[in-house]
Amino acid sequence: MARVACRYGLTAEELAGHFAVDDNCLSSPLAIDDRAPALDQTRVWAQACGVDPERLQRLALSKRYPRRSRSWYVSAGPEWAPSAPPRSTPVCVACFAADQAAGRDAYLRAGWMLAERCICPDHGQLLQDRCVSCHRRLSVAFRLRDGRAQPACSCCGLLLADRGGEGGRPHDALVRAAHAVQQRITASVNGENAEQEQFEKALAILWAPLDHPAAARPVLALWFNEAGWRCPYDVRHAVGAKTPLGQLPVRWRLLTLLALNDIFGADPRVDDTLPPAAAHLVRRAAPRQIRFSSRRPSGQALKRSSAEYEGLARQILADPCWIAAAKLPPRKRERVRARLIDAALARNWPASPGAALSPKLPSDEQAIQKC
Ligand SMILES: [Zn+2]
Ligand SMILES: [Zn+2]
């Protein structure tokens, strides 16, 4: 769709909008569901392009991977880069370079939409999900250049070409290890064997909240084994997710696959036969809590009063760890403070029931810091 649309200076969604209305109506862009597009939608597209509708339907992800559930595809994740364009997919720039070398239109590969995919199986490169120029989450627009559709960043217009591993390439041994895990997951999720459930369980444990349902850190933090490690804001939404992989940026996916392999082994079995290190992690995984809904009007979630925040701040100031931290350099002090704030929030549930769903928010942290 995108390749056809760019010949008219349109995006795929704009073209879909045009197909959906009568000629003399103004059209607005229409969302396209790559997994299972509506039958009447593909019928109109097929008619407009003179293509067999059956053939068009077979391109849907649900036809290519009939056993794969929706949660095993890349999804935006509710809080990751809220200003990001709605359709964003990680890409392999070496694949685009291959299109260019072959003198054909560039195109988006279906495999880039798989939740576990972080390494291109053809080129062994880490997929790219941020623009190297504007650093925003990557959404591909196609531009017609020299008669061919060429991929560009939809925000800043940078043409996406292979510049020899720009943006850094992880160590080859790590790439090979992660690629092997990725292939095993792909095989099991696509239904060639019955391990899918075990992979799901193991991944959910790695991203389960650590020790407490309200913790902002996932169990995965134990694998890093770095004191005071904080879960970055852009992946916090994945903590406690049932199927976290598709909601993570590519580099976090890579890390998760490596941890999975390291902790649970090549053939994860989350049962009584777990190796001791994995069993320890399972014990530290808190049950998932009901996640804060993004549809909830903003502001409702913050129900701690300023007196509560002040009380929490006083607790932290009086904590022996904080008093001892006076001798530490500023960065380390910050880490100590962050850890104490986490602990204080986890110990003190807010008074109002509305806040119980999301007891740990960045603004909670800011409120305590202000006090
Ligand atoms: Zn590639
Ligand atoms: Zn850009």
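Let me begin with helix α10, whose buried residues are covered by elements that include α7 (172-189), α8 (196-206), α9 (220-224) and α11 (276-284). Helices here are DSSP runs of H or I with at least four residues, strands are runs of E with at least two, and both are numbered from the N terminus. What we are looking at is a predicted model, in which local features need pLDDT of at least 70 and side-chain atom pairs count only at pLDDT 80 or more, while totals for chains, interfaces and linings use all residues. Residues are numbered from 1 along each chain as its sequence is written, and chains are lettered from A and ligands numbered from 1 in the order in which they are written.

Staying with α10, this helix runs over residues 250-264, and its 15 residues reach 21 Å from the first C-alpha to the last, close to the expected 21 Å, where the expected span is 1.5 Å times one less than the number of residues. Among its buried residues are Val 250, Leu 254, Leu 257 and Ile 263; buried means that 20 or more other C-beta atoms, placed from the backbone, lie within 10 Å of the residue's own. After α10 comes Gly 265, with a positive phi near 80 degrees.

Now to the packing of α8 against α10, where the axes are 10 Å apart and the angle is about 105 degrees. Axes are lines fitted to C-alpha atoms, for helices over the stretch in contact, and angles run from 0 to 180 degrees between N-to-C directions. That angle makes α8 roughly perpendicular to α10, a term that covers 65 to 115 degrees. On the α8 side, Ala 202, Leu 203 and Leu 206 meet Thr 256, Ala 259, Leu 260 and Phe 264 of α10, a contact being two C-beta atoms, placed from the backbone, within 7 Å.

A second pair is α2 (residues 12-20) and α3 (residues 39-49), whose axes come within 10 Å and cross at roughly 90 degrees. Here Ala 16, Phe 19 and Ala 20 of α2 meet Gln 41, Val 44, Trp 45 and Ala 48 of α3.

Finally, the chain as a whole: its secondary structure comes to 15 helices and two strands, and 30% of its 371 residues count as buried. The mean pLDDT, which is the predictor's confidence in each residue from 0 to 100, is 82 for the chain, with 81% of residues at 70 or more. Over residues 291-302, however, pLDDT stays under 50.

Notes
A residue is buried if 20 or more other C-beta atoms lie within 10 Å of its own, exposed if 12 or fewer, and partly exposed in between; C-beta atoms are placed from the backbone. Angles under 35 degrees count as roughly parallel, over 145 as roughly antiparallel, 65 to 115 as roughly perpendicular and the rest as oblique.
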